[in-house]
Amino acid sequence: APPVIPIMMGTATVVDAVSPQGAYLGGMIAPGIATMADALAVAASALAVPQWAFPRQPIGASTVDSLTSGLFYTALGGLAMMVRSTRGALGTPAPIVLTGGWAQAVAPFLDGVAVVDEHLVLRGIASTISHTG
């Protein structure tokens, strides 16, 4: 039930807002986790593609550890700010619904996650098709 913050975690990170009245208000679109990692490796060819993992420590002592820490904290920090800003605009601590390939990976690190369903969008599309055809 609204309000809610649906978040699609895939090639892009899409944070949407649904009002207390159930109206879709719009959202934010940013690069997804793998997209960020791949872009860094392309732009700085001397660097490997960072892997998603909880860093051993925030400050990396090696290039690999620094890449891991940077990807992890950038992705989650950016996502947390997107959620905080959306909640501020809604005027309520709306719950989060996570979907997409990265949903399970980020869920433990976000406050207020009510639903984690990697295939929610696909299930919604299938449900819509079955009701119209």
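Leaving out residues up to four places away in sequence, Trp 52 touches Ile 33, Leu 71, Phe 72, Ala 75, Leu 76, Trp 102, Ala 105 and Val 106, where contact denotes heavy atoms within 4.5 Å. The model is a predicted one, in which local features need pLDDT of at least 70 and side-chain atom pairs count only at pLDDT 80 or more, whereas totals for chains, interfaces and linings use all residues. Residues are numbered from 1 along each chain as its sequence is written, and side-chain values use heavy atoms, with hydrogens and water left out.

The protein chain contains 4 helices and 5 strands, taken as DSSP runs numbered from the N terminus (helices: H or I, at least four residues; strands: E, at least two), and along the sequence these follow the pattern β-β-β-α-α-β-α-β-α. The C-alpha atoms fill a box of roughly 50 × 35 × 25 Å along the principal axes. Of the 133 residues, 34% are buried, the classes of relative accessible area being buried under 20%, exposed over 50% and partly exposed in between (1.4 Å probe, protein chains only).

A search of the whole structure finds 6 aromatic pairs, a pair being rings of Phe, Tyr and Trp (its six-membered ring) with centres within 6.5 Å, classed as stacked if the planes are under 30 degrees apart, edge-to-face if over 60 and tilted otherwise. The pair of Trp 52 and Phe 72 is tilted, because the ring centres lie 5.1 Å apart and the planes stand at 40°. Since Trp 52 lies in the loop between helix 1 (33-43) and helix 2 (63-90), and Phe 72 in helix 2, this pair ties together parts that are 20 residues apart in sequence. Both Trp 52 and Phe 72 are buried. Phe 72 also forms an edge-to-face pair with Phe 54, at 5.3 Å centre to centre and 80° between the planes; Phe 54 lies in the loop between helix 1 and helix 2, so that this pair ties together parts 18 residues apart in sequence. The accessibilities of the two partners are 56% for Phe 54, which therefore counts as exposed, and 3% for Phe 72, which therefore counts as buried. One aromatic cluster is formed by Trp 52, Phe 54, Phe 72, Tyr 73, Trp 102 and Phe 109.

Trp 52 is also among the residues with the most contacts inside the largest nonpolar core, together with Ile 7, Leu 98 and Val 106. This core has 23 residues, a nonpolar core being a set of buried Ala, Val, Leu, Ile, Met, Phe, Trp, Tyr and Cys residues joined through side-chain atoms within 4.5 Å. Two or more residues each are given to this core by strand 1 (5-9), strand 2 (12-18), helix 1, helix 2, strand 4 (96-99) and helix 3 (103-106), and the largest share, 8 residues, comes from helix 2.

The search for salt bridges (a side-chain nitrogen of Lys or Arg within 4 Å of a carboxyl oxygen of Asp or Glu) finds 1 in the whole structure, in which the side chains of Asp 65 and Arg 56 meet at 2.7 Å, N to O. Arg 56, at 75% relative accessibility, counts as exposed.
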